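Thanks for taking a look at this one with me.

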Amino acid sequence: MTTTARAGRAAAEPLRPEPATIVEVIEETPNIKSLRVVFDDGELMKSFSFAPGQVGQLGILGVGEATFAISSAPSEKDFLQFSVMKTGVVTTAIHELAAGDKVTLRAPLGNSFPVEEWRGKNVLVVGGGIGMAPLRSLFMHLMDHREDYGDLQLIYGARTPADVCFSSDCSLWSEKRDVDFITTIDAEHPEWGGRVGLVPSVLEEENPSPENNVAVTCGPPVMLKFVFESLEKLGFREDQVYTTLERRMKCGIGLCGRCNVGPRYVCVDGPVFSLAELRRLPDEL
Ligand SMILES: Cc1cc2nc3c(=O)[nH]c(=O)nc-3n(C[C@H](O)[C@H](O)[C@H](O)COP(=O)(O)OP(=O)(O)OC[C@H]3O[C@@H](n4cnc5c(N)ncnc54)[C@H](O)[C@@H]3O)c2cc1C
Ligand code: FES
């Protein structure tokens, strides 16, 4: 089968899990691990592409499947990365995997951040906790196409120094002169010499201008609520603010009705939504 035919096959049969292998496991924090995965089918791996914000269904035979944002950048062609917080049955089993172990993968699923529409604009990225997973992919994509965008600012919050995810990326990003990267932790800590404060407060202190700017945020629901309020206070309109939803999914392709919010399916109409779109949906999030 040709490369193009295999790529077409993967897109045409998104319900079929493809065999894949873990090639690396990175311990990010006490309860988050990043797994680097490759499809066993070399042709499929070579032709695979995705856009930042898209997700995959990672599965373990005999255990189950769960949805995760692809946290690698589209330019990282040798693997797909998923960053997984341990919460229940599937994620606990995923945390026990090591390099060489087999998994199944259905990807890419869902929509993506409208990065083409944002060309020429400043982009403000605001993340908290495991919400950094899709934002890592986005931020790396924006840096890969640095000349297409204006100012790039990333504000990332973790509870404590030990909860800072992607710490090797954070060190690299903080050295870059053409992006403004801020990591903050919730409260003073003896091992932390950096910024302290909750994400919405740090955002307000930074006081970014809404002019020619889009804001993208992902994190725990309570953080999102206050980040939306802060952005509105700073003058951002609802159509300048984007987020990505974590609604429980099953099929991931609009068939089972598991993930709907009113008339919209998070798996196909999302997971990326503008705040303007979210505010038009029933208040059941
Ligand atoms: C679009 C999307 C993207 C996601 N991206 C990531 C990611 O990048 N990294 C990551 O770690 N997780 C991500 N998640 C969440 C992840 O899918 C769940 O944590 C996972 O399904 C839990 O499976 P489990 O079998 O371990 O938990 P279960 O044993 O099924 O449940 C354990 C507990 O977690 C709760 N729970 C499970 N899933 C969810 C959910 N989606 N929302 C709220 N509560 C839930 C259950 O109600 C239960 O209380 C994403 C979810 C979606 C829908
Ligand atoms: S997960 Fe089945 S319709 Fe969305």
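1. Start at the interface of domain 1 and domain 2, where five residue pairs are in polar contact, both residues of each pair being at pLDDT 80 or more. Please keep in mind that this is a predicted model.

2. Which elements give two or more residues to the side of domain 1 that touches domain 2? They are strand 1 (18-29), strand 2 (32-39) and strand 5 (80-85). Strand 5 gives the most, with four residues. By type, the residues on this side of domain 1 divide into 10 nonpolar, seven polar and three charged.

3. One salt bridge is counted between the two domains.

4. For orientation, domain 1 covers 3-109 and domain 2 covers 122-244. Their C-alpha centres lie 25 Å apart, and the contact takes 20 residues from domain 1 and 15 residues from domain 2.

5. Between them, the domains bury about 1,300 Å², with 60% of it on carbon and sulfur atoms. On the domain 1 side, E28, P52 and S71 supply 30% of the area buried against domain 2, more than any other three residues.

6. I60 has G64 in strand 4 as its bridge partner. Three residues lie between the two strands, and G62 in the turn has a positive phi of about 85°.

Definitions and conventions: Residues are numbered from 1 along each chain as its sequence is written. Chains are lettered from A and ligands numbered from 1 in the order in which they are written. This is a predicted model: local features need pLDDT of at least 70, side-chain atom pairs count only at pLDDT 80 or more; totals for chains, interfaces and linings use all residues. Side-chain values use heavy atoms; hydrogens and water are left out. Two strands pair if DSSP finds at least two bridges between them. Domain bounds come from an automatic or database domain assignment. Contact means heavy atoms within 4.5 Å. Buried area is the accessible area (1.4 Å probe) that two parts lose on being put together, summed over both. A salt bridge is a side-chain nitrogen of Lys or Arg within 4 Å of a carboxyl oxygen of Asp or Glu. A polar contact is a pair of N or O atoms within 3.5 Å; within protein, one must be able to donate a hydrogen and the other to accept it, and residues adjacent in sequence count only if both atoms are side-chain atoms. Ala, Val, Leu, Ile, Met, Phe, Trp, Tyr, Cys and Pro count as nonpolar, Asp, Glu, Lys and Arg as charged, and the others, Gly among them, as polar.
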